[in-house]
Amino acid sequence: MMQTKILQETYTLSNGVQIPRLGLGTWFIPDTQAAEAVKNAVDIGYRLIDTAQAYENEAGVGEGIRNCGIAREEIFVTSKVAAEAKTYEAAAKSIDETIAKMGLDHIDMMIIHSPQPWAEWRQDDNRYFAENKEVWRALEDAYEAGKVKAIGVSNFLKEDLANILSDCKVKPMVNQILLHISNTNIELIDFCRENGILVEAYSPIAHGEALKNGEITKMAEKYGVSPAALCIRYVIQLGAVALPKTADPQHMKDNAAVDFVIGDADMETLKSMARIENYGEFSHFPVFSGK
C-alpha cells in the first residue's frame with residue numbers, strides 16, 4: 001500500500017530516539033476493538049501507537065502490535081502512568097504491569113498522564129510537586145533498566161515541568177498536551193522547546209468540534225483538504241507530534257493526507273483563532289475523574 005509521506009517522517013527526541021510525527025491515539029477505543037484498530041493503522045502505515053493505563057485497552061493494543069505482521073522495533077508504543085499513581089512504588093509497579101499486560105518486552109515511551117489525579121484536575125491548591133518527583137524517579141529507573149526507551153509527561157504546565165527539571169537525572173523527552181487550532185499555548189510550547197522537550201498534541205481535531213467550525217472549514221477549502229487534515233497539519237507545523245484518535249480505517253487514511261503546507265500568514269490566523277470552548281460530549285474532560 002502506498003504510504004503518505006508524513007507516516008515516514010520522524011522527530012528526534014533529546015536522547016536520539018526517533019518518534020513518528022503522526023500517530024494513532026486510542027482513547028475511547030474499547031479493549032475488544034483495540035487490536036483490530038492497531039492492525040488497521042499499521043497496514044495504512046502508522047508506526048506510532050498511543051495508549052494509557054486509564055484507557056483500559058493496553059491488552060488489546062499490545063495484541064494488535066504483536067500480531068500486526070510488522071517487526072516490533074518498527075513500531076513506537078507509548079503508554080501513560082495513571083494520574084492517581086503518585087508514589088514511586090505505585091508508578092514502578094504500574095510500569096511493570098503495563099509491559100506484562102501488553103505482552104511486550106519493552107515500551108518505547110512511558111509518560112505521567114497528569115500532574116494531578118483526575119479528581120483534582122487543574123486545582124491549584126495541590127500541584128503534587130513532591131509526588132511527581134517520586135513518579136519521575138520511577139520512570140528514570142525504568143528507563144535506565146531498559147524497560148522503556150524514552151520517558152515524558154502529559155498535561156504538565158510550566159510550573160509542573162520546572163518542578164521535574166529542577167533536579168531530575170533525565171529530562172522529560174515529551175509533554176503531551178491538548179493542542180489544536182484555537183487552543184494553542186505558545187508560551188508552554190516555547191518553554192518545552194527551550195528545554196528540549198518535544199510537544200505531542202492529543203485531540204488535534206478538538207474532539208471533533210473543529211470539524212463544525214466555519215473558519216476552519218473555509219481555510220481547509222482554500223487548501224483543498226479536509227478540516228481534519230488542516231487541524232493535523234497545523235500541529236505538525238508547530239513542531240508537535242499529532243495523535244488523532246480513531247478506530248475507523250477511513251479516518252486513519254484521511255488523517256494522514258497532510259502532505260501540504262499551511263502558509264505563514266494562515267498559521268498566524270489559526271494560532272489566534274477564537275477558542276472552541278465546548279467539546280460536546282467531551283466537555284466533562286477529564287473523563288477519568290468520574291466527574
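Trainee: How much of the protein chain counts as buried?
Mentor: Of its 291 residues, 55% count as buried. Keep in mind that this is a predicted model.

Trainee: How many helices and strands are there?
Mentor: The protein chain has 10 helices and 10 strands.

Trainee: What share of the contacts comes from residues 24 or more positions apart?
Mentor: They account for 76% of the contacts with a separation of 6 or more.

Trainee: And the surface? How much of it belongs to carbon and sulfur atoms?
Mentor: The accessible surface comes to about 12,100 Å², and 50% of that belongs to carbon and sulfur atoms.

Trainee: What about charges?
Mentor: There are 29 positive and 42 negative side chains. The centres of the two sets lie 2 Å apart.

Trainee: On to the core. Which residues touch the most other members of the largest nonpolar core?
Mentor: L13, I19, Y46, L179 and L230 do, in a core of 90 residues. Helix 8, residues 227-237, gives the largest share of this core, with 8 residues.

Trainee: Why would nonpolar side chains end up together like that?
Mentor: In soluble globular proteins, nonpolar side chains tend to be buried together.

Trainee: Take L179, then. What is it in contact with, leaving aside neighbours within four places in sequence?
Mentor: L179 is in contact with T184, I189, V199, A201, Y202, S203, P204, V235, L238 and A240.

Trainee: Which residues of helix 2 are buried?
Mentor: E58, G60, V61, G62, G64 and I65 are buried there. Their cover includes helix 1, strand 4, strand 5 (76-81) and helix 3 (88-102).

Trainee: Where is E56?
Mentor: E56 sits in the loop between strand 4 (48-50) and helix 2 (58-66). Its phi is positive, about 60 degrees, although E56 is not a glycine.

Trainee: Is E56 buried or exposed?
Mentor: Exposed, because its relative accessibility is 66% and the cut-off for exposed is over 50%.

Trainee: What is the phi of R122?
Mentor: R122 has a positive phi of about 55 degrees, and it is not a glycine. R122 lies in the loop between strand 6 (107-112) and helix 4 (129-144). At 35% relative accessibility, R122 counts as partly exposed.

Trainee: Switching to N163: buried or exposed?
Mentor: N163 counts as buried, because its relative accessibility is 11% and buried means under 20%. N163 is in helix 5, residues 158-165.

Trainee: What does N163 touch?
Mentor: Apart from neighbours within four places in sequence, N163 is in contact with F129, N132 and K133.

Trainee: Last one, D43. Where is it?
Mentor: D43 is in helix 1, residues 31-44. D43 is exposed, with a relative accessible area of 51%.

Trainee: What separates D43 from I177?
Mentor: Their C-alpha atoms are separated by 27 Å, and the two residues are 134 residues apart along the chain.

Note on methods
Residues are numbered from 1 along each chain as its sequence is written. This is a predicted model: local features need pLDDT of at least 70, side-chain atom pairs count only at pLDDT 80 or more; totals for chains, interfaces and linings use all residues. Side-chain values use heavy atoms; hydrogens and water are left out. Helices (H or I, at least four residues) and strands (E, at least two) are DSSP runs, numbered from the N terminus. Buried means under 20% relative accessible area, exposed over 50%, partly exposed in between (1.4 Å probe, protein chains only). Contact means heavy atoms within 4.5 Å. Accessible areas come from the Shrake-Rupley method with a 1.4 Å probe; for residues, only the protein chains shown count as cover. Lys and Arg count as positive and Asp and Glu as negative; His and the chain ends are not counted. The place of a charge is taken as NZ of Lys, CZ of Arg, CG of Asp or CD of Glu. A nonpolar core is a set of buried Ala, Val, Leu, Ile, Met, Phe, Trp, Tyr and Cys residues joined through side-chain atoms within 4.5 Å.
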